[in-house]
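Welcome, and thanks for opening the viewer. Let's take a short walk through this model, one selection at a time.

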There are 2 protein chains.
Amino acid sequence: MQTDPSTTYQQLCDHVRETALLRSTLALLEWDQHTKLPTSANQYRSNQITCLSGLVHQRSVDPHKGEWIEQLSSAEDQLSGEQSATVRELKRDFDRATKLPGSLVEELARAASEGQTCWVEARKQNDFASFAPQLKKIVSLKRQQADAIGFANERYDALLDEYEPGATTEEVATVLNDLCAELVPLVSAIQESKQQPETSILKRHFPTSEQQAFGREVSAAIGFDYERGRLDVTHHPFCTELGPDDCRITTRYNESFFNSSLFGTLHEAGHGIYEQGLRSDQYGLPLGSYCSLGIHESQSRLWENLVGRSLPFWKHFFPQAQTRFSEAFGDVSLDQFYAAINAVKPSLIRVEADEATYNLHIIIRFELERAMMNEDLNVEDLPAAWNQKYRDYLGVDPPTDAHGVLQDVHWSAGLFGYFPTYSLGNLYASQLFDAAEAELGKLGKLFEQGQFEPLKVWLNENVHQPGKRFSGPELAKQITGNDLGHEALMRHLKSKYGGIYGSV
Amino acid sequence: MQTDPSTTYQQLCDHVRETALLRSTLALLEWDQHTKLPTSANQYRSNQITCLSGLVHQRSVDPHKGEWIEQLSSAEDQLSGEQSATVRELKRDFDRATKLPGSLVEELARAASEGQTCWVEARKQNDFASFAPQLKKIVSLKRQQADAIGFANERYDALLDEYEPGATTEEVATVLNDLCAELVPLVSAIQESKQQPETSILKRHFPTSEQQAFGREVSAAIGFDYERGRLDVTHHPFCTELGPDDCRITTRYNESFFNSSLFGTLHEAGHGIYEQGLRSDQYGLPLGSYCSLGIHESQSRLWENLVGRSLPFWKHFFPQAQTRFSEAFGDVSLDQFYAAINAVKPSLIRVEADEATYNLHIIIRFELERAMMNEDLNVEDLPAAWNQKYRDYLGVDPPTDAHGVLQDVHWSAGLFGYFPTYSLGNLYASQLFDAAEAELGKLGKLFEQGQFEPLKVWLNENVHQPGKRFSGPELAKQITGNDLGHEALMRHLKSKYGGIYGSV
């Protein structure tokens with residue numbers, strides 16, 4: 001005798017909610033590790049994390065869950081639209097978690113852990129050759145993973161699907177290709193412009209305590225809720241959530257560079273506003289979870305770049321910045337400041353890149369990792385391919401692998417298919433911003449007056465509240481009416497840099 | 001066929017160590033709740049805590065554990081001394097956890113939770129009558145608990161045994177009685193002395209940032225290791241450990257009162273030094289766990305009072321305090337300061353009491369809770385009995401129940417048998433301090449020169465490293481050669497107050 005679907009649905013959701021209690025506790029262990037943990041406590045913390053991860057994993061592959069999902073999937077006609085989407089997403093997670101043989105999961109975990117250790121050393125020694133065998137192993141395991149999961153056209157599809165469900169490699173490649181074709185000449189024209197911003201004003205002295213207060217003030221003003229969140233200090237800033245009303249963002253302070261903490265805080269606050277905008281009543285369930293990494297990144301980029309690097313934003317905030325940092329900004333005009341924070345300069349390092357060149361760093365990584373997965377590029381040939389693309393797209397020549405192919409942790413940690421979500425974030429952000437303006441009118445007028453609530457509420461309703469009801473590409477199309485494309489981002493960049501660098 | 005005891009012992013220890021991973025994670029949830037949690041996140045945090053507590057409890061009553069313990073208990077001759085003590089203590093925990101019927105455990109948990117809520121309101125409204133029915137219920141459940149656990153002479157034995165194993169009510173009553181008989185006249189003589197310290201100097205202005213820096217400096221100087229610990233801010237200071245190398249102490253700052261944070265920090269640092277002195281290789285197991293609450297408290301009291309309120313300690317630190325708090329202490333002499341931090345004044349509130357009267361607050365609570373357990377005192381008659389004892393022992397008359405019987409959370413939370421461990425801590429501390437001096441020579445000479453390491457190392461070796469190998473009373477006797485007694489504490493108090501108040 002079959003159980004009533006609504007009872008089964010309840011059992012399934014209760015199970016998943018209980019797993020979320022453990023998963024969010026695991027997130028606390030990790031947050032604390034990166035913000036508060038005494039130096040000597042790392043080893044035991046790893047053991048605690050392994051223990052909790054094990055419990056979470058056990059529950060996520062619990063056969064009961066599989067049975068409930070099976071039963072509900074075949075009774076879909078008796079489910080509401082929301083229930084049906086919930087079951088679909090839980091099935092997706094369950095299938096991904098159970099499709100991989102346990103031995104492969106373990107091998108991947110070990111290779112990623114060893115890979116990171118090996119990478120740290122290789123980067124320090126500028127010695128790609130010592131890292132290559134480990135990377136080869138990881139590439140081979142990721143190929144096996146893709147094969148075990150299955151894919152429509154190419155292996156990379158299966159990996160991309162983990163981070164951006166519903167997007168295909170082919171579509172992403174087309175859009176990034178189009179973007180690249182327009183970005184390369186834009187960046188080159190910017191470099192040749194006679195008007196160049198004076199960026200040294202951002203490298204004066206900015207006391208940490210003032211940066212702290214200002215970052216908190218600005219992030220609260222755009223809508224990050226400090227009764228439901230915190231801001232702490234860490235080495236590599238991140239955003240995490242430890243419950244439906246507990247979102248924690250992090251930053252780091254550099255007293256000799258204005259940008260790192262302020263724009264980092266705006267970026268993480270954008271992630272945080274997304275997490276805080278999710279449905280609390282669906283916490284732990286798909287409809288209360290972020291849609292995709294690309295959509296998540298669209299929210300951080302939107303607040304960091306489209307809002308936080310806009311002229312109207314600083315019309316409102318620059319006087320306050322001048323008061324706080326009177327020594328550094330006393331003799332600086334708004335226009336000088338605005339040009340400086342938007343300066344474009346091709347460079348070697350992704351995480352230090354500006355809004356325009358950032359995407360070129362991503363495109364390079366995407367093309368290389370796709371080629372590795374498709375067996376079109378051997379690990380041995382990676383450094384040369386990397387350097388060639390940096391010359392072609394950015395016009396810079398990595399002097400060492402430490403400043404080149406060894407700079408990012410991702411591949412050593414087994415993250416393939418992750419990089420493009422950064423650029424998807426930029427692309428979605430521009431499209432979503434345009435859609436918001438189409439509905440709310442010119443947002444700059446509001447920003448000038450310190451009004452960020454209308455945009456936040458619009459994002460809450462349109463982007464945050466659906467959770468995982470739709471895939472990233474579906475959600476974006478539903479809101480903007482358009483497929484993913486490079487046009488909105490390019491319009492935004494050209495308009496901004498036209499103002500700063502003259503006709504480019 | 002029986003398994004080899006050494007294999008069983010390993011299985012048992014692995015099981016307990018894994019439980020410790022969860023227990024310490026639970027401790028992180030609680031630490032974070034009291035120090036960092038955003039205001040809106042409390043409800044979900046309770047759910048996380050309930051979930052982890054459930055997992056810890058499940059494991060602690062796991063029948064496998066019971067079987068291993070049973071098997072090892074009957075093969076004791078094949079165990080080493082350490083193994084045998086480990087099994088004995090694990091058996092004790094297991095028996096206590098499994099002896100109580102599940103229904104009683106649940107009723108106690110509910111009554112304690114409701115009791116605290118009810119108590120908060122009753123204290124706010126100064127309305128003992130509204131709390132009485134709840135307290136009656138708790139008292140009745142605690143009697144049932146004592147009956148279920150079993151006891152030698154009186155119910156209170158079973159409750160005291162939870163916090164101070166190996167101590168009997170009769171012994172504790174005798175010692176506290178003797179102490180009371182000498183303390184009451186001492187306090188009264190002090191009150192009548194013509195020499196009275198000027199305590200207003202401690203109520204000047206002490207900037208939080210300076211208090212923070214000074215507290216950290218002093219706690220590090222006495223031996224709290226900040227590479228294996230932290231100091232954070234909270235409402236009700238506590239010490240907790242989240243792993244073998246992760247001990248966290250907390251404090252609160254009052255800019256108008258020097259004592260609260262500094263002596264609070266020394267107190268918690270004393271607890272912390274104990275935790276940090278336990279054997280890391282036995283973490284989670286009895287030999288790596290604190291001996292008893294009384295011994296734990298002896299370590300906090302020792303550093304707070306016997307070290308931190310001594311003249312030699314301040315010979316070393318007062319010049320630094322004068323530099324940090326130049327406005328407040330610029331015109332204060334060391335003798336004035338020393339007298340002020342040791343002022344004795346009978347008062348209504350336990351947590352604000354000085355070193356001498358503190359024990360009278362405890363004796364009152366011990367006598368009353370013992371009488372309630374033995375059905376010699378009805379809950380209805382508690383306020384009158386309370387007030388009478390305050391008049392008799394301290395010469396003060398509680399104007400309201402909020403300042404009297406309703407001041408402490410303990411009884412509302414079902415904590416009976418807990419209070420005397422505070423005084424046991426003071427008694428053990430004096431005896432241990434004397435034993436340390438017998439071995440190391442006069443410690444004051446060292447403190448004057450800022451040397452605290454010899455005492456810390458002595459405590460590490462003698463008090464900390466044994467863990468739960470012996471009971472509190474056994475351990476103290478082994479170290480000091482004496483049974484628990486009031487003499488050492490009285491000698492210490494008389495000598496100190498003789499210096500400050502003249503012949504008392």
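This is a predicted model: local features need pLDDT of at least 70, side-chain atom pairs count only at pLDDT 80 or more; totals for chains, interfaces and linings use all residues.

**Stop 1: where the two chains meet**

Select chain A and chain B together. Between them, about 2600 Å² of area is buried, and carbon and sulfur atoms give 62% of it. Now select B:L21, B:P38 and B:Y44: this trio supplies 21% of the area that chain B buries against chain A, more than any other three residues. The contact itself draws 35 residues from chain B and 35 residues from chain A.

**Stop 2**

Next, show the side chains of B:D32 and A:R248. They meet in a salt bridge, with 2.8 Å from N to O. How many salt bridges are there between chain B and chain A? The count is 4. Residue pairs in polar contact between chain B and chain A, with both residues at pLDDT 80 or more, number 12.

Stay on the side of chain B that touches chain A and colour its elements. Those that give two or more residues are α1 (5–35), α2 (42–60) and β1 (229–233) of chain B.

**Stop 3: a loop in chain B**

Now select B:R279, in the loop between α10 (258–277) and α11 (293–307) of chain B. Is B:R279 buried or exposed? Its relative accessibility is 18%, so B:R279 counts as buried, the cut-off being under 20%. Show the side chain of B:E82 as well: a polar contact of 2.9 Å joins it to the side chain of B:R279. Leaving aside neighbours within four places in sequence, B:R279 is in contact with B:E82, B:L287, B:G288 and B:Q465.

**Stop 4: after a helix in chain A**

Finally, move to A:G502, which sits in the segment after α21 (487–501) of chain A. With a relative accessible area of 15%, A:G502 is buried. Leaving aside neighbours within four places in sequence, A:G502 is in contact with A:Q195 and A:Y497. To end, pick the C-alpha atoms of A:G502 and A:T168: these residues are 334 residues apart along the chain, and 37 Å separates the two atoms.

Notes:
Residues are numbered from 1 along each chain as its sequence is written. Chains are lettered from A and ligands numbered from 1 in the order in which they are written. Side-chain values use heavy atoms; hydrogens and water are left out. Contact means heavy atoms within 4.5 Å. Buried area is the accessible area (1.4 Å probe) that two parts lose on being put together, summed over both. A polar contact is a pair of N or O atoms within 3.5 Å; within protein, one must be able to donate a hydrogen and the other to accept it, and residues adjacent in sequence count only if both atoms are side-chain atoms. Helices (H or I, at least four residues) and strands (E, at least two) are DSSP runs, numbered from the N terminus. Buried means under 20% relative accessible area, exposed over 50%, partly exposed in between (1.4 Å probe, protein chains only).
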